[in-house]
Amino acid sequence: MTASIPRRKGASRSADITPELLRALSLGEIETATLTESLAVDQALLLQAVFPEDWARLEDTAQALGQLGVLKRMECVGALLWQTLGQAGWERCLTHRSDTARGWACFMAGAQPGLTLRQRLDLVRPLADDAHFGVREWAWMGVRPHLAGDLPQAVDALSRWTDHPSERLRRFASEALRPRGVWCSHIAALKQQPEIALPLLEPLRSDASGYVQDSVANWLNDAAKSRPDWVRALCARWLRESPLPATRRICARAQRSLKNPA
């Protein structure tokens with residue numbers, strides 16, 4: 001039997017990233033193991049390594065990436081690759097060993113014009129189910145503007161993911177439409193009317209996965225900042241109707257910022 005290779009621990013501080021490690025990450029030779037490493041990747045260098053034959057068409061835009069924040073860099077590269085290389089660029093990024101390159105594919109799913117929400121979600125599904133934590137985050141960020149722009153259709157489409165066998169896709173269904181989210185624009189309608197998302201939240205209220213539980217709890221914690229009474233009432237109902245450990249954990253975490261939880 002072949003022994004499994006231990007997962008690399010990764011650098012938790014920028015100072016811990018050696019020049020050799022940074023070069024390997026930026027050439028796409030290895031995946032990042034932490035958020036700190038992900039933020040340190042030289043995306044221009046990686047772009048050249050992934051698309052050497054197309055570098056002349058990408059170079060001008062790539063050289064300006066250092067002036068942008070990491071989310072804007074990802075968005076910019078995704079748009080650039082789709083506009084310049086189209087399907088060929090998408091296919092190379094989709095299966096690349098670099099998690100950052102697969103992250104570009106997430107934003108290419110958002111950059112393609114003329115798609116329905118269902119088509120966009122079909123494109124991003126394998127990335128939302130990626131084994132790498134970072135790619136799964138880029139997946140919802142890459143399509144969130146489209147989801148937020150059509151909430152009724154987004155809720156309807158994502159509700160079909162809430163009973164998927166993959167905990168990663170169930171978590172995506174919740175995380176993609178968090179009212180406040182992380183590293184993204186807030187969704188004003190969901191801050192004021194969080195009940196719009198009940199078709200997503202209700203099926204997940206007793207989910208066995210801690211990964212999903214944390215997302216649902218964070219969703220409700222977001223909502224509690226503008227609609228605290230609604231969150232208290234919802235949690236009280238859930239605890240009456242579904243007094244399971246998973247539900248209790250979700251409700252406790254959902255109300256962690258409230259002075260008087262249900």
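This is a predicted model: local features need pLDDT of at least 70, side-chain atom pairs count only at pLDDT 80 or more; totals for chains, interfaces and linings use all residues.

Numbering runs from 1 along each chain as its sequence is written, and side-chain values use heavy atoms, without hydrogens or water.

**Whole protein**

I looked up the secondary structure and found 15 helices and 0 strands. Helices here are DSSP runs of H or I with at least four residues, strands are E runs of at least two, and numbering starts at the N terminus. The radius of gyration is 20 Å, close to the 18 Å from the globule rule for 262 residues, so the protein is as compact as a globular protein of that length. That radius is taken over C-alpha atoms, and the rule is 2.2 Å times the number of residues to the power 0.38.

I then checked burial: 50% of the 262 residues count as buried, meaning under 20% relative accessible area with a 1.4 Å probe, protein chains only.

**Helix α6**

I picked α6, residues 99-111. The expected span uses one less than the number of residues.

Is α6 buried or exposed? I found 12 of its 13 residues buried, so α6 is largely enclosed by the rest of the structure. Among the buried ones are D99, R102, W104 and F107. Their cover includes α3 (43-50), α5 (70-94), α7 (117-128) and α8 (133-148), with contact meaning heavy atoms within 4.5 Å.

How values were computed. The expected span of a helix is 1.5 Å times one less than its number of residues.
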